[in-house]
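Dear colleague,

I am handing over a structure for you to look at, and below it I have set out what was found. Please keep the view open while you read, so that each part can be located as it comes up.

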Amino acid sequence: MADTVELFTSIGLSEQKAKETLKNGALSSTLRDAIVQAQNVLGTSGVDKTIGTLLYSMASRLKDTKRLEFLSINIAQRKISSELQLAGEARSALKWADGKVIKNEVDMQVLHLLGPKTEADLEKKPKPQKAKVAENDVKNQEMSVNGDVGFGETKSLMEQLRGEALKFHKPGENFTTEGYVVTPNTMNLLKKHLEFTGGQIRTRFPPEPNGILHIGHAKAINFNFGYAKANNGICFLRYDDTNPEKEEEKYFTAIKDMVEWLGYTPYDVTHASDHFQKLYDLAVDLIRRGHAYVCHQKGEELKGHNVPPSPWRDRPIEESLVLFERMKKGLFAEGEATLRMKMVMEDGKMDPVAYRIKYTPHHRTGDEWCIYPTYDYTHCLCDSIENITHSLCTKEFQARRSSYYWLCNALDLYCPVQWEYGRLNLTYTVVSKRKIIKLVETGVVRDWDDPRLFTLTALRRRGFPPEAINNFCARVGVTVSQTTTEPHLLEACVRDVLNESAPRAMAVLEPLKVTITNLPENAKSDVRVPDFPANEAKGSHTVPFTRTIFIEQSDFREVMEKGYKRLTPEQPVGLRHAGYVISVQKIIKDSEGKVAELEVTCCSSETAEKPKAFIHWVSKPLACEVRLYEKLFLHKHPEDPSEVPNGFLSDINPHSLEVIRNALVDTSVKTAKVFDKFQFERVGYFSLDPDSTANKLIFNRTVTLKEDPGKI
């Protein structure tokens, strides 16, 4: 055995790959003979990696060993020097050429060159119209990948991931993927899979229902649903509900709400718990096949990577079957026994746990079960059961890829392909469920939807449009490397959307009363304000204009300063939309010497000299509360001990929330509903908070306006 492993590693296989190959008797025998044939041709014991890779690929595909010598010799002589030749040219020169394999290879190469077929490619249409329809379809596909509607001109997620997506296998061609393990039954299983799916791409978004989704999940949602949608496929929402201790109804509901809020409709909503009986039966089968055993090592002993080998690893199969049944019947205490799989993961961890005992009622199955499967056992099997084609997951799961393939193959089941991508990280925040719970428990934030957090419920409450979040995910793109992004990039996407969708209103956060003395006491007129000044055809609203108005305190200075363009005793200012210019006549102060009121006169802006600035104002306004948000943490990386030695709780920004309880807003917003969004002119973008009542509207500042910081 050691000699064979050494032989396989000599052609470029890793030691782990060599050992895995050795477990497949037919494959290892074919590969060994192929290497010997190549060595005879080369007259040396050394076979370089290029030849070795082709020999392995040939051996894993070959069904008739009569062809072994011919192919091995041609590979050694470099007459066959590529995968394309191996699958196509070599076969076409022989009577036994496999037309289906050749077609698959041609299709794969076309996919690499042109990308997946669009609906227009699949439809039979008259030739003159085909090009036009295809062109429109491509545009629609790129727009629709972020949801059910187009969201502006931001490049779609599929445009961004085009380079990575070209590496993806076509449905049924899983075996073409690097690292995929081919068994004697693989092609038959793939055939049955294709018969069931009809060649359709099937993905899944598989969150744990033990917390609220965050901005990183938005990328995963866009990737899984977007990739399926762009390829006319389907995507499941599957709850990984295998840990009853931490799962609650509110998390199930919130997760589905957020997926739909982002614009996606799952093909089906499933649960790992839907398959508990099937998963248990497969575990029994795994034991019978000699690939799993019941172990009594304690949980503390199993932590980390230098776990001592289990003394129960080689216990008889029948004994493990009896003990596993006793685990199911509740005859062991928690922690007294686990079911472990006989395999080594890519990170060196041995024999991961497949089942553990938990005497906790399950959210959906009640007390029917007291043993629950782990992620390492459940995930790939649920993917297989649901005939998933592309199991898309973040980079940290790469260490579990070998166990994913091993388990499906150990049970002789259809094996999907796992593809990893870099997760999305943001600075100035934490997204760990444990740390968010700590922020809630210590009163730093109110709950999971506090607008200073980057959970999706918090971003919705703050007023971030779902289109903006999807556009942000598209701009960040999908790469295999981890990315850390600044929040201002997300905020820029928010402004882009709100600038086109949030109607204008006028609000004064720190009011200063202004009396226009040359207007009659009972003077009142209606002023028309466009909802979108850049496009007045999109509608308008009216606001009252009377003798008493309110302006921002910061829009008046008693002493003129160089560069200041707003109202002073020497400098008039225009009133936006009103058609008036006002000039200060008298300053009224309170007992503390603070400016409390201004008396001014007004004249038409048509006859007055053009003022240096126009300011916003309100008249007969509504009182409201305004909440202004800043970054929750002072440092970019609050979890990094080198930046924040005393931990993330010591890094809270004391000015992350400012509440203005007596702001004033014009009456155009009085019928607003929760989450309705507005641009308060010259102030920022705001959204109506769920805390609002009929008597008191509450607005959250979503983002500030995108203005030149030096402009006043």
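**What was found**

In this predicted model, the largest nonpolar core is made up of 89 residues, and those with the most contacts inside it are Ile 215, Phe 324, Tyr 355 and Tyr 377. Another core lies apart from it and has 28 residues, among them Val 527, Ile 551, Phe 556 and Val 584. As background, nonpolar side chains in soluble globular proteins tend to be buried together.

Next comes a sheet. Seven strands form an open sheet with mixed pairing, and their order is E12-E24-E25-E26-E22-E23-E13. At the edges stand strand E12 (504-505) and strand E13 (507-508), and because each has a single partner strand, one side of each is left without a neighbour in the sheet. Within the sheet, strand E22 (residues 622-629) pairs with strand E26 (residues 697-703) in the parallel sense over four bridges, and Val 626 stands opposite Phe 699 in E26. Helix H23 (residues 487-501) lies across E12, strand E24 (677-680), strand E25 (684-688) and E26, and runs at about 120 degrees to E26.

Finally, the cysteines. How many disulfides does the structure hold? It holds zero disulfides. Cys 603 is in none, since the nearest cysteine sulfur, that of Cys 602, is 7.1 Å away, whereas a disulfide needs the two sulfur atoms within 2.5 Å. Cys 603 counts as partly exposed, at 32% relative accessibility, while Cys 235 is buried, with a relative accessible area of 4%.

With best wishes

Note on methods
Residues are numbered from 1 along each chain as its sequence is written. This is a predicted model: local features need pLDDT of at least 70, side-chain atom pairs count only at pLDDT 80 or more; totals for chains, interfaces and linings use all residues. Side-chain values use heavy atoms; hydrogens and water are left out. Buried means under 20% relative accessible area, exposed over 50%, partly exposed in between (1.4 Å probe, protein chains only). Two strands pair if DSSP finds at least two bridges between them. Helices (H or I, at least four residues) and strands (E, at least two) are DSSP runs, numbered from the N terminus. Contact means heavy atoms within 4.5 Å. Axes are lines fitted to C-alpha atoms, for helices over the stretch in contact, and angles run from 0 to 180 degrees between N-to-C directions. A nonpolar core is a set of buried Ala, Val, Leu, Ile, Met, Phe, Trp, Tyr and Cys residues joined through side-chain atoms within 4.5 Å.
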